[in-house]
Amino acid sequence: MQASKNNSIFLRGLKDGVPIALGYLSVSFGFGILAAAGGLSTLTATIISLVNVTSAGQLAGLNIIIAAGPMIEMILSEFIINIRYALMSITLTQKLDDTFTTPRRMLCSFAMTDEIFAVAAHQKGKITARYFYGLMLLPIIGWVLGTFLGATAGNILPESLKNAMGLMLYAMFIAIVLPPATKSRALAICVSVCALLSLAVRYLPFFSFITPGFSVIICAVLASLFAAWRFPVNTGKEESENV
């Protein structure tokens with residue numbers, strides 16, 4: 001009886017992970033093509049996706065690898081880009097049940113992505129380890145498989161087609177940012193400031209010494225600081241309204 005219940009919980013997580021997996025399959029296909037275009041082998045690109053599972057982090061890391069950037073540049077850029085996953089994990093701990101031992105928490109934290117966090121956080125009641133195993137399994141497979149297929153295709157497709165399909169990863173970022181930016185003036189301005197800073201670093205000769213990895217770090221930090229200064233959160237007002 002207990003085994004049947006556990007299997008049912010796992011299958012429910014598996015079902016909830018299907019849409020995420022399909023999205024990851026197409027997006028990671030674009031990453032695979034970009035990796036192949038940058039000179040990485042299919043095996044190397046696939047291993048990168050297997051041990052990372054992070055779209056923005058992998059794209060930034062790929063640019064640093066192609067530019068032969070220093071290790072400290074890689075460490076800092078990945079830390080800034082991926083630190084949000086630590087915040088997501090801390091938030092989600094409030095919903096985990098007693099089946100989440102420390103080793104299980106460590107295993108599940110590996111698959112903490114924006115989409116998996118969103119699905120898990122909206123579940124009613126406590127989240128079991130078996131549900132999370134099901135939720136994370138297909139997205140990981142989709143991400144790694146898409147990278148493998150994209151890197152393989154990147155070595156055989158015509159250059160014009162590779163360039164077109166390589167835009168999928170950037171299209172995903174635009175699709176993620178635009179909807180909330182249309183509803184939040186603060187977010188729209190923050191994204192615009194970051195984009196303008198990135199263009200300045202990329203095209204102004206004065207900033208030519210800045211490498212791609214440090215460009216991500218500088219633009220992200222400066223845009224975040226500007227948004228924090230220009231649009232501070234009035235926590236005192238929120239607290240008074242909740243009392």
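## A leucine on the surface

L149 is partly exposed, with 38% relative accessible area. (Buried means under 20% relative accessible area, exposed over 50% and partly exposed in between, with a 1.4 Å probe and protein chains only.) L149 sits in helix α7, residues 129–154, and belongs to a nonpolar surface patch of about 410 Å² that also takes in L137, I141, L145 and F148. Patches are made of residues with over 30% relative accessible area and no salt bridge; like charges are joined within 9 Å and nonpolar side chains (Val, Leu, Ile, Met, Phe, Trp, Tyr) within 5 Å. The areas come from the Shrake-Rupley method with a 1.4 Å probe, and for residues only the protein chains shown count as cover.

A word on the model: it is predicted, so local features need pLDDT of at least 70 and side-chain atom pairs count only at pLDDT 80 or more, while totals for chains, interfaces and linings use all residues. Residues are numbered from 1 along each chain as its sequence is written, and side-chain values use heavy atoms, with hydrogens and water left out.

## The overall build

The protein has 12 helices and 0 strands. Helices (H or I, at least four residues) and strands (E, at least two) are DSSP runs, numbered from the N terminus. Of the 243 residues, 36% count as buried.

Helix α2 covers residues 42–52, and its buried residues are T42, A45, T46, I48 and S49. Seen down the axis of α2, these buried residues fall within an arc of 155 degrees, so they line one face of the helix; the arc is that of the directions from the helix axis to the C-beta atoms. Over on the other side of α2, L43 and V51 are exposed. Just after the helix, V53 takes a positive phi of about 55 degrees.

## Aromatic pairs

A search of the whole structure turns up 4 aromatic pairs. Rings of Phe, Tyr and Trp (its six-membered ring) pair if their centres lie within 6.5 Å; planes under 30 degrees apart count as stacked, over 60 as edge-to-face and the rest as tilted. One of the pairs is F100 with F132, edge-to-face at 6.3 Å centre to centre and 85 degrees between the planes. F100 lies in the loop between α4 (71–92) and α5 (102–109) and F132 in helix α7, so the pair ties together parts that are 32 residues apart in sequence. F100 is buried at 6% relative accessibility, and F132 is buried too, at 1%.

Then there's F226 with W229, a tilted pair at 5.8 Å centre to centre and 55 degrees between the planes. Both lie in helix α11 (residues 212–230), 3 residues apart, about one turn of the helix. F226 is partly exposed at 28%, while W229 is exposed at 63%.

## Charges: over rings and in a bridge

Two arginines have their charged ends over rings: R202 over Y203, 5.1 Å from the ring centre, and R230 over F231, 5.2 Å from the ring centre. The rule asks for NZ of Lys or CZ of Arg within 6 Å of the ring centre and within 35 degrees of the ring normal.

How many salt bridges are there? The count comes to 1, taking a salt bridge as a side-chain nitrogen of Lys or Arg within 4 Å of a carboxyl oxygen of Asp or Glu. D114 pairs with R84, and the closest N and O atoms are 3.0 Å apart. D114 lies in helix α6 (residues 114–121) and R84 in helix α4, so the bridge ties together parts that are 30 residues apart in sequence. D114 is partly exposed at 29%, and R84 is partly exposed at 24%.
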